[in-house]
Amino acid sequence: MPNMSLTKVKMAEQEPNVRNANFLEVAQGYTLEQAKEEAERCLNCKNAMCVQGCPVNVPIPEFIAKIREEDLAGAYKILSNANALPAVSGRVCPQETQCESKCIRGIKGEPVAIGRLERFVADWARENGIVNLDCAEANGHKVAVIGSGPAGLTCAGELARKGYDVTVFEALHVAGGVLSYGIPEFRLPKEIVNKEVENLVKMGVKIETNMVIGKVLSIDELIEEMGFEAVFIGSGAGLPMFAQIPGESLCGVYSANEYLTRINLMKAFRGADNCDTPVLESQSVAVIGGGNVAMDAARCAKRMGAKEVHIVYRRGEAELPARKEEVHHAMEEGIIFDFLTAPVSIEGDEKGRACKLHCVKMELGEPDASGRRRPIPVEGSDFAIEVDTVIPSLGTSPNPLIRSTTPGLDTNKKGCIVTGEDGSTSRAAVFAGGDASTGAATVILAMGAGKTAAASIDEYLKNK
Ligand SMILES: Cc1cc2nc3c(=O)[nH]c(=O)nc-3n(C[C@H](O)[C@H](O)[C@H](O)COP(=O)(O)OP(=O)(O)OC[C@H]3O[C@@H](n4cnc5c(N)ncnc54)[C@H](O)[C@@H]3O)c2cc1C
């Protein structure tokens, strides 16, 4: 008999007032008993809608059935054949809008906790030293992948499984893309990202770090001089946008990407004496924006010791674009939400450091082109928040380097690489996917694009 409980088996979490002062992972994962109990909630539908909701088509009922049978090695094999980074996606994928949104159990109660089960299986495999190294025999074809975020790593892993000789070129000194430099340790421990990258290396993927394509080598050089027969561009969308208000060049103003990179990649959370790139010690921080990145920046600021951390967002709580779970966690951890508030300017003190964020209150008018109600300033409602740090978190776009050094590569008005559904671009032998072609999106969409492009590259090289 399936477990007909209407709610998911709860996953243990660190207490809010404890975790807001440390960088350890918030969510603690399932035990075997909890995983089996949750797995019993899956009805093993014949027409599994959850699989259709998964951009990398994980055979979800099959791997969950293996958990029920306590065949965790079997579950891992099924999962890892479809998903190159299961411990990552089990943690940060927005399952509520993907697989879990299609789960039939979600009609009358909570859907099956697919993400938590995915994480459980991937963690079990890692803790038990199990790696799925099943790869076809080497076929001698060389493929270059630009960028080692989820799009590039997935594309590389898929191609390695098909027997290709894959080299990933990464601009930074560490692989992982946003998984390493953006998403904080307390949501995605870097040890886990490193292990998933290591698994790809064990499958034969070569990773060259400190290689900025467009500066060190061009795409034309990769193809014409280095013998790569196809190239996948997964260079992401790492160029931050600012609020375009006076005072953004003051000391104490960081883009969210810079702030998070210093803390996560450069380990500023270990303290100024134990890292190469510290952040200022802040007492009062204002993060401008309401997306997932803003939540991450605010929660990091709190953990770095700030007494007050504000999220300044020009619309209301209902319009927040961040995942509900992230908002809930941020609220629990004591982040102050200033809704219907827009920044106007940043004031500096005599030393040139930000000291006040001037704001105006907003009200919501008619929906705009995005379908969301347009915020309108309320006359005479100006006020200021005392701050020493301001973190604009207003979205990102692709860095222009690749498009400016690759003749014939079509991009759109937002600077994103134009691709067909199969990941092909306007340049023969060049494929692209992830944030570089969609603009800032999600880990699982980037992984889906990497997987699609790998299949297209395989087709292209087989028919060449
Ligand atoms: C702080 C933050 C939190 C997020 N949280 C979530 C979340 O919880 N869930 C979720 O689903 N999504 C989340 N996202 C979005 C998600 O991380 C991205 O959509 C995803 O990482 C995109 O993957 P990608 O591989 O396309 O690009 P990226 O992850 O950006 O990787 C691109 C890589 O390419 C490298 N690169 C760029 N240019 C070059 C070049 N010229 N030569 C060589 N290498 C280059 C970059 O250094 C980078 O390593 C978050 C994003 C941020 C910034």
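Colleague: Is Glu 70 buried, partly exposed or exposed?

Modeller: Glu 70 is partly exposed, because its relative accessible area is 43% and the range for that class runs between 20% and 50%. Bear in mind that this is a predicted model.

Colleague: Where is Glu 70 found?

Modeller: In the loop between helix H4 (60–68) and helix H5 (72–82). The phi of Glu 70 is positive, near 60°. Most residues other than glycine have a negative phi.

Colleague: What about Ala 429, buried or exposed?

Modeller: Buried, with a relative accessible area of 10%. Ala 429 sits in the loop between helix H15 (401–405) and strand E15 (430–432), and its phi is positive too, near 70°.

Colleague: OK, on to the ligand. Which residues come nearest?

Modeller: Val 92, Glu 170, Arg 187, Ile 213 and Asp 435, out of 34 residues around the ligand. That shell divides into 20 nonpolar, ten polar and four charged residues.

Colleague: Which domains give residues to the shell?

Modeller: Domain 2 (142–238 + 397–463) and domain 3 (242–394) both do, so the ligand lies between them. Helix H8 (150–161), helix H13 (292–303), H15 and helix H17 (443–463) each supply at least two shell residues.

Colleague: And which backbone atoms lie 3.1 Å from a ligand oxygen or nitrogen?

Modeller: A backbone N or O atom of Ala 171 is 3.1 Å from a ligand nitrogen, and one of Ala 441 is 3.1 Å from a ligand oxygen. For Thr 442, a backbone N or O atom lies 3.3 Å from a ligand oxygen.

Colleague: How much of the ligand does the protein bury?

Modeller: 93% of the 990 Å² that the ligand exposes when taken alone.

Key. Residues are numbered from 1 along each chain as its sequence is written. This is a predicted model: local features need pLDDT of at least 70, side-chain atom pairs count only at pLDDT 80 or more; totals for chains, interfaces and linings use all residues. Side-chain values use heavy atoms; hydrogens and water are left out. Helices (H or I, at least four residues) and strands (E, at least two) are DSSP runs, numbered from the N terminus. Buried means under 20% relative accessible area, exposed over 50%, partly exposed in between (1.4 Å probe, protein chains only). A residue is near a molecule or strand if one of its heavy atoms lies within 4 Å of it. A polar contact is a pair of N or O atoms within 3.5 Å; within protein, one must be able to donate a hydrogen and the other to accept it, and residues adjacent in sequence count only if both atoms are side-chain atoms. Accessible areas come from the Shrake-Rupley method with a 1.4 Å probe; for residues, only the protein chains shown count as cover. Ala, Val, Leu, Ile, Met, Phe, Trp, Tyr, Cys and Pro count as nonpolar, Asp, Glu, Lys and Arg as charged, and the others, Gly among them, as polar. Domain bounds come from an automatic or database domain assignment.
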